[in-house]
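Colleague: Please pick one part of this model and go through it closely, residue by residue where that helps. Then place it in the rest of the chain.

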Amino acid sequence: MSSLFNSIFNNATTSVNPLQLLFALLVSLGLGMALAWTYKYRTLYTREFVISLTLLPSLMTLVIFLVNGSLGTSIAVAGTFSLIRFRSATSGSRELIAIFLAMIIGLAAGTGYLLLAILSTIFLLAIWLLLETQQSRTDNQRRRHLTVTVDKEESISSRVQQILESLCTEVDLISVNTSNGGDRLTLTYEIDLQAQIDDFQLTDRLITSIDNCDVALTKKAKKKKNL
């Protein structure tokens, strides 16, 4: 039965203990489940990505077992890593960190450093949860991404600028776009709200002071398509 876990190549110099392989796979699967649970904490996620994140450490563990002692095959695995990187190029930094940590778990478990994999994963996930909890308690970020769409009128940009300067400590005009044949202007700003001003006060001030004004306000940084 153990011969099923031996390499089929005649020049194979090593064989895999099936119990060791099973134990490493179970450890990597458990750590993958812990990573997936941590990733879901205070995060909008998809079911497919969470399942992939759970199974990725086990897959990496199996791959490392298969390429053990083969330099050429290891180079091929490096090409697989580049495919994962290419697939994740447009993802957020949190997704990339989760994928990278899953690969590290698989590498550690696949090379037999199970205790190192467990301790390092527990340490990093604990830091992750601590930072997420601390950030949610002390989140006083005043930076906003503001988009204002108005009718094209004389000095309309100056009027918007004056309103924003009265409510914000910093106002940066990022872009100006036109629509509807040049009759509408879309002004994009990066602003810092004053301490006593909230999002609703700023929005209400803009729509009551300027006729036919559309406002989009968010504190989420706009994701770039390249890292």
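Modeller: Four strands make up an open sheet, ordered 2-3-1-4, with antiparallel pairing. Strand 2 (168–179) and strand 4 (214–218) are the edge strands, and each of these pairs on one side only. From one strand to the next, the twist averages 20°. This is a predicted model, in which local features need pLDDT of at least 70 and side-chain atom pairs count only at pLDDT 80 or more, while totals for chains, interfaces and linings use all residues. Residues are numbered from 1 along each chain as its sequence is written, and side-chain values use heavy atoms, without hydrogens and water.

Some terms first. Helices (H or I, at least four residues) and strands (E, at least two) are DSSP runs numbered from the N terminus. Two strands pair if DSSP finds at least two bridges between them. Buried means under 20% relative accessible area, exposed over 50%, and partly exposed in between, with a 1.4 Å probe and protein chains only.

Strand 2 is joined to strand 3 (184–193) by 10 bridges, in the antiparallel sense. S179 has R184 of strand 3 as its bridge partner. Four residues lie between the strands in this hairpin of strand 2 and strand 3, and N180 there has a positive phi near 55°. Strand 3 is mostly covered, with nine of its 10 residues buried.

On to the next pair in the order. Strand 1 (residues 143–151) runs antiparallel to strand 3, and nine bridges join the two. H145 has its bridge partner in strand 3 at E190, and L146 stands opposite Y189 in strand 3. In a regular strand, side chains alternate between the two faces of the sheet. Strand 1 has seven of its nine residues buried, so it is largely enclosed by the rest of the structure.

Strand 4 pairs with strand 1 over five antiparallel bridges. Touching, or contact, means heavy atoms within 4.5 Å. Axes are lines fitted to C-alpha atoms (for helices, over the stretch in contact), and angles run from 0 to 180 degrees between N-to-C directions.

N212 is in the loop between helix 7 and strand 4. Its phi is positive, about 55°, although N212 is not a glycine. N212 is partly exposed, with a relative accessible area of 46%. S155 is in the loop between strand 1 and helix 6 (156–167). S155, a residue other than glycine, also has a positive phi, near 65°. The relative accessible area of S155 is 43%, which makes it partly exposed.

Now the rest of the chain. The protein has seven helices and four strands, and from the N terminus on its elements run α-α-α-α-α-β-α-β-β-α-β. Of its 227 residues, 33% count as buried. Among contacts with a separation of 6 or more, 71% come from residues 24 or more positions apart.

Helix 1 (residues 18–40) lies against helix 2 with the axes 8 Å apart and an angle of about 150°. Helix 1 and helix 2 are therefore roughly antiparallel. Angles under 35 degrees count as roughly parallel, over 145 as roughly antiparallel, 65 to 115 as roughly perpendicular and the rest as oblique. In helix 1 the residues in contact include L21, L25, L29 and Y39, which meet a set in helix 2 that includes F49, L53, T61 and F65. By class, this contact of helix 1 with helix 2 has 15 nonpolar, six polar and one charged residues. Nonpolar covers Ala, Val, Leu, Ile, Met, Phe, Trp, Tyr, Cys and Pro; charged covers Asp, Glu, Lys and Arg; the others, Gly among them, are polar.

Helix 2 (residues 47–66) also meets helix 4 (residues 93–110), where the axes come within 7 Å and cross at roughly 30°. Helix 2 and helix 4 are therefore roughly parallel. The residues making the contact include L56, M60 and I64 of helix 2 and I99, M103 and G106 of helix 4. By class, the contact of helix 2 with helix 4 has 14 nonpolar, three polar and one charged residues.
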